[in-house]
Amino acid sequence: MKKYLPALVCGFGAGVLQVVPFLKSFSCCLVMPLAAFFALILEQKSTNSHNKILTKKAILFGLFTGLYAALFGSFFEIFITLITKHNDIISTFPELQKMIEGFPITEDIKKEVLNLFQKVREDIMTYGFSYLYTFSVFVNNIIVNPIFGIVGALIGSQIINSRINNNQPGAM
């Protein structure tokens, strides 16, 4: 566990930032890759290592950072929804209805999709909780966060390795 403590710390930070209203929009493409990059930097500083980061290590750190961020971010999102009985689905429901009406699908399917969203909306407004919403948040975060964590860690490892190459004696 101690080996992946930097991934846990950065994953927790990314999970917290995923529920901040403005930063929520950038969580997959900016926050998650940066968290994985910082996890690699923290790991190097904690072990006082100045060795190149292997691709396998970068992938593992990106994966674990993404998984930790998914767990913490999902928990915080569900918890805040439970307390406030409000979230993005409730506030954007009218726009969601208009968007679904514009889809080139049959009226029966449109009606079923709108009924599903209406049920989720009513559950959240009444109880602060919806099984479907909770499931979708967890599945979305468990899939998206590790992917962007791995991408961020791979790019971050290349940046760190290039800095190591430039700081070696005899490098130009």
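A crossing of two helices is left-handed if the near helix is turned anticlockwise from the far one by less than a right angle, and right-handed if it is turned clockwise. By that rule, α1 goes past α3 in a right-handed crossing. Helices here are DSSP runs of H or I with at least four residues, strands are runs of E with at least two, and both are numbered from the N terminus. The structure is a predicted model, so local features need pLDDT of at least 70 and side-chain atom pairs count only at pLDDT 80 or more, while totals for chains, interfaces and linings use all residues. Residues are numbered from 1 along each chain as its sequence is written, and side-chain values use heavy atoms, with hydrogens and water left out.

Back to the two helices: α1 and α3 pack at an angle of about 40 degrees, and their axes are 7 Å apart. Axes are lines fitted to C-alpha atoms, for helices over the stretch in contact, and the angles run from 0 to 180 degrees between N-to-C directions. Angles under 35 degrees count as roughly parallel, over 145 as roughly antiparallel, 65 to 115 as roughly perpendicular, and the rest as oblique; α1 and α3 are therefore oblique to each other. Residues in contact (heavy atoms within 4.5 Å) include F12 and V16 on the α1 side and F61, Y68 and F76 on the α3 side.

Next come the salt bridges, each a side-chain nitrogen of Lys or Arg within 4 Å of a carboxyl oxygen of Asp or Glu. The count comes to five. One of them joins the side chains of K24 and E77, at 3.4 Å from N to O. K24 sits in the loop between α1 (5-17) and α2 (27-47) and E77 in helix α3, so this pair ties together parts that are 53 residues apart in sequence. K24 also meets D88 through a salt bridge, at 3.3 Å from N to O. Since D88 belongs to helix α4 and K24 to the loop between α1 and α2, that pair ties together parts 64 residues apart in sequence. Put together, K24, E77 and D88 are linked in a network of salt bridges.

How hidden are these residues? Buried means under 20% relative accessible area, exposed over 50%, and partly exposed in between, using a 1.4 Å probe and protein chains only. E77 counts as buried at 13%, whereas K24 is partly exposed at 25% and D88 is partly exposed at 43%.

N87 lies in the loop between α3 and α4 and, at 6% relative accessibility, counts as buried. Leaving aside residues up to four places away in sequence, N87 touches E77, T81, I124 and Y133. N87 and M125 are 38 residues apart in sequence, yet 9.2 Å apart in space, C-alpha to C-alpha.

That leaves helix α6. The expected span of a helix is 1.5 Å times one less than its number of residues; for the 21 residues of α6 (residues 107-127) that gives 30 Å, which agrees with the 30 Å between its end C-alpha atoms. K110, L114, V120, D123 and I124 are buried in α6, and the buried residues of this helix pack against α3 (55-84), α4 (88-91), α5 (93-101) and α7 (131-167). A salt bridge joins the side chains of K110 and E107, at 3.4 Å from N to O. Both lie in α6, three residues apart, about one turn of the helix. K110 is buried at 7% relative accessibility, while E107 is exposed at 53%. After α6 comes G128, whose phi is positive, near 80 degrees.
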